[in-house]
Amino acid sequence: HSAIEIDVTAGTDYFVVVDGCSRRNRVVGESGPFLLTVREGPCRQPLTIMDRLEQQNAKYRTLLHALRVTGLDDLLRRENLRTLIAPTEEAFNTLEQNQPGILADLTADPEQLRALLLYHLLDSAATSEQLIAAQTSETLDGRFIEFYNRGETIFANRLPLENVDIESDNGVIHSTDHILVPPTACPGGGADCVLGEICLRNQCM
């Protein structure tokens, strides 16, 4: 990110010319001009979702590495508003204990790792209160997550969230000590789901 602070006079037209090549465009295969945002007031470096995660590097070390491997770190530095259900180190450690070697396998297959992470991302900024009110929210991979609360605890697909409403300039983080596994599709109804699950909007829950 680059930022400049310019004194301007209200009612006067100005032209800003930006010349150069954006690394972020190459990462995600985009083309076109830079995104230029004009704000009123003093110049301030935005605090992004990635910045928030990096502030607690020990807590989100594996998640940060996974986001960088898949190129999703760039997505979470942009101004587009997102919500991240952020698995902690405990979440990844538990996954590795239950399935030894899975973290190495995922790192070696960035597309599979990316698919897993996209299920933890929503295409808007939503507080915990908004998630509960909506009940279900669509993820960036086209599936959805079910949210509800029991007392003061908020659940995502029956898994508790630990810390919620961690705000940044480009979204919200809700952390969890669990990995949200993308659910199985159920085009044939409940018969496609395992015992104890139901088919909700063509998704086993």
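Let me start with one residue. Glu-54 is partly exposed, at a relative accessible area of 28%. Its salt-bridge partner is Arg-68, and the closest N and O atoms of the two are 3.1 Å apart. Arg-68 is partly exposed as well, at 42% relative accessibility. What does this pair tie together? Arg-68 lies in helix H3 and Glu-54 in helix H2, so the bridge connects parts that are 14 residues apart in sequence.

A word on the model. What you see is predicted. The chain averages a pLDDT of 85, and 80% of the residues score at least 70. Take care with residues 21-29, where the pLDDT is below 50. Beyond near neighbours in sequence, that stretch has 11 contacts in the model.

Back to charges. How many salt bridges does the structure hold? Seven. Some share partners: Asp-51, Glu-54, Arg-68 and Arg-77 are joined into one network. Another bridge pairs Asp-123 with Arg-82, with the closest N and O atoms 2.3 Å apart. This one links distant parts of the chain, 41 residues apart. Asp-123 sits in the loop between S2 and helix H8, and Arg-82 in strand S1. Is each partner buried or exposed? Asp-123 is exposed, at 52%. Arg-82 is buried, at 10% relative accessibility. Then there is Arg-143 with Asp-141, at 2.7 Å between the closest N and O atoms. Arg-143 is partly exposed at 31%, and Asp-141 is partly exposed at 24%.

Now the sheet. It is open, has four strands, and runs in the order S2-S1-S8-S7 with mixed pairing. Which strands stand at the edges? S2 and S7 do; each has a single partner strand, so one side of each is left without a neighbour in the sheet. Look at S7, residues 163-168, and S8, residues 171-176. They pair in the antiparallel sense over four bridges. They form a hairpin, with two residues between them. Ile-166 stands opposite Ile-173 in S8. On to S1, residues 82-87. S1 and S8 run parallel, joined by six bridges. There, Ile-85 stands opposite His-174 of S8.

Next, the inside. In soluble globular proteins, nonpolar side chains tend to be buried together. Here the largest nonpolar core has 26 residues. Leu-53, Leu-63, Leu-67 and Leu-84 have the most contacts inside it. Which elements supply this core? H2, H3, H4, S1, H5, H6 and H7 each give at least two residues. A second, separate core has 11 residues, among them Ile-85, Leu-122, Ala-126 and Ile-145.

Zoom in on Leu-67. Leaving aside neighbours within four places in sequence, Leu-67 is in contact with Met-50, Leu-53, Leu-72, Asp-73, Leu-76 and Leu-117. Leu-117 takes us to helix H7, residues 110-118. Leu-113, Leu-116, Leu-117 and Leu-118 are its buried leucines. What do the buried residues of H7 pack against? Helices H3, H4 and H6, and strand S2.

Last stop: Ile-179. Its place is in the loop between S8 and strand S9. Thr-94 is 85 residues away along the chain, yet the C-alpha atoms of Thr-94 and Ile-179 are separated by 8.9 Å.

Conventions
Residues numbered from 1 in each chain as written. Heavy atoms only, no water. Buried < 20%, exposed > 50% of the residue type's maximum accessible area, 1.4 Å probe, protein only. Contact = heavy atoms within 4.5 Å. pLDDT = per-residue confidence, 0-100. Pairing = 2+ DSSP bridges. Core = buried A, V, L, I, M, F, W, Y, C linked by side-chain atoms within 4.5 Å. Salt bridge = Lys/Arg side-chain N within 4 Å of Asp/Glu carboxyl O.
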